[in-house]
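Please look at the sequence and the structure first.

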Amino acid sequence: MLLYLIFFFFSSVISCKAHPLDPLTPSEFIIIQQTIKTSNLFSSTPLNFQYIGLADPDKLLLLSWLSNTSNPPPPRRAFIIARSDHQTHELHVDISTKSIISNTVYTGFSFPLLNFEEQTAASNLPFNYTPFMNSIKKRGLKSSEVVCTTFSVGWFGEVKKSKRLLKILCFATGDTVNLYVRPLEGITIVVDLDLMEIVDYTDRFVVPVPVAGGTDYRSKKQKPPFGPRGKPVTVVQPEGKGFSIDGHSIRFVVVFLLFYLFLFIIAYFELK
């Protein structure tokens, strides 16, 4: 085992070939999306990608390839979480053959991660919603002075939720970038992400919006005693870097050698 570890270490240092565990490339992302979109699985319903990542190859196949990297590497496959027709799909795609290996509908308690596109769409919904626009006017604000953002409604294990909901909170900007200190309190907005519409809206009370002055946290806006900024600090390594980067691999040679020496010592005393 020790000899194999030493062989694996030195072969990985010498070899500059692409590794089966390298992250997906932009071209592979395109292949994955096209493979799924051109299949018959989701031809009649909209599809949202929530996660696309490398599916780790079988460990024995990987170890076999590492022992002889002249052989073909394990197949590149991807794991995908997609949302369609109010269902969460877990898919595996073979990138080399451009084929879907498996498609399973997830039936557990959780929902997939939010993606950027659906959060942006949900944040824009209030500005086309008449009750919200009336609430802005009631607070003496213009729509150009208001921004909205998304927050998870959370799940605390009490029941299995049937809808993928999101809470929207809105803030007044004005003359500050620190919008979080100027919330539009009293307004509650809930969005159904699958329907992409507001399903619950309440305006319970009006609270004066804090002033914008003196809330900018950026260093260039600070005054004593919080500024000006301190002088810069420089770190110097006279003997150069303690690591090397080769593609997606980061190596700390001295640390690895000490680690294998430590394993050798342990194995030696165990054999005795």
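Buried means under 20% relative accessible area, exposed over 50%, and partly exposed in between (1.4 Å probe, protein chains only). This is a predicted model, in which local features need pLDDT of at least 70 and side-chain atom pairs count only at pLDDT 80 or more, while totals for chains, interfaces and linings use all residues. Residues are numbered from 1 along each chain as its sequence is written, and side-chain values use heavy atoms, with hydrogens and water left out.

Q: How many helices and strands are in the protein chain?
A: Helices (H or I, at least four residues) and strands (E, at least two) are DSSP runs, numbered from the N terminus. By that rule the protein chain has six helices and 10 strands.

Q: What percentage of the residues in the protein chain is buried?
A: The protein chain has 272 residues. Under the burial cut-off, the buried share of these is 28%.

Q: Is Asp94 buried or exposed?
A: The side chain of Asp94 meets that of Arg77 in a salt bridge (3.5 Å, N to O); a salt bridge is a side-chain nitrogen of Lys or Arg within 4 Å of a carboxyl oxygen of Asp or Glu. Asp94 lies in strand β3 (residues 87–94) and Arg77 in strand β2 (residues 77–84), so the pair ties together parts that are 17 residues apart in sequence. Arg77 is partly exposed at 37% relative accessibility. Asp94, with a relative accessible area of 7%, is buried.

Q: Which residue forms a salt bridge with Glu118?
A: Side chains of opposite charge can pair when their charged atoms come close. Glu118 lies in helix α4 (residues 116–124), and both Glu118 and its partner are buried. The closest N and O atoms of the pair are 2.8 Å apart, and the partner is Arg164.

Q: Where does Asp203 lie?
A: Lys138 forms a salt bridge with Asp203, the closest N and O atoms being 3.2 Å apart. The two are 65 residues apart, with Lys138 in helix α5 (residues 130–138) and Asp203 in strand β8 (residues 197–203). Lys138 is exposed at 52% relative accessible area, whereas Asp203 is partly exposed at 22%. The place asked for is strand β8.

Q: Which strands stand at the edges of the open sheet of four strands?
A: Two strands pair if DSSP finds at least two bridges between them. The sheet has the order β1-β2-β3-β4, with antiparallel pairing. Each edge strand has a single partner strand, so one side of each is left without a neighbour in the sheet; these strands are β1 (48–55) and β4 (99–106).

Q: What is the bridge partner of Asn48 in β2?
A: β1 and β2 pair in the antiparallel sense over seven bridges. In β2, the partner of Asn48 is Arg83.

Q: Where is Phe269, a residue of the nonpolar patch on the surface?
A: Patches are made of residues with over 30% relative accessible area and no salt bridge: like charges are joined within 9 Å, nonpolar side chains (Val, Leu, Ile, Met, Phe, Trp, Tyr) within 5 Å. This patch is formed by Leu261, Phe264, Ile265, Tyr268 and Phe269, with about 520 Å² of accessible area together (Shrake-Rupley method, 1.4 Å probe; for residues, only the protein chains shown count as cover). Phe269 is exposed, with a relative accessible area of 56%. Its place is in helix α6 (residues 253–271).
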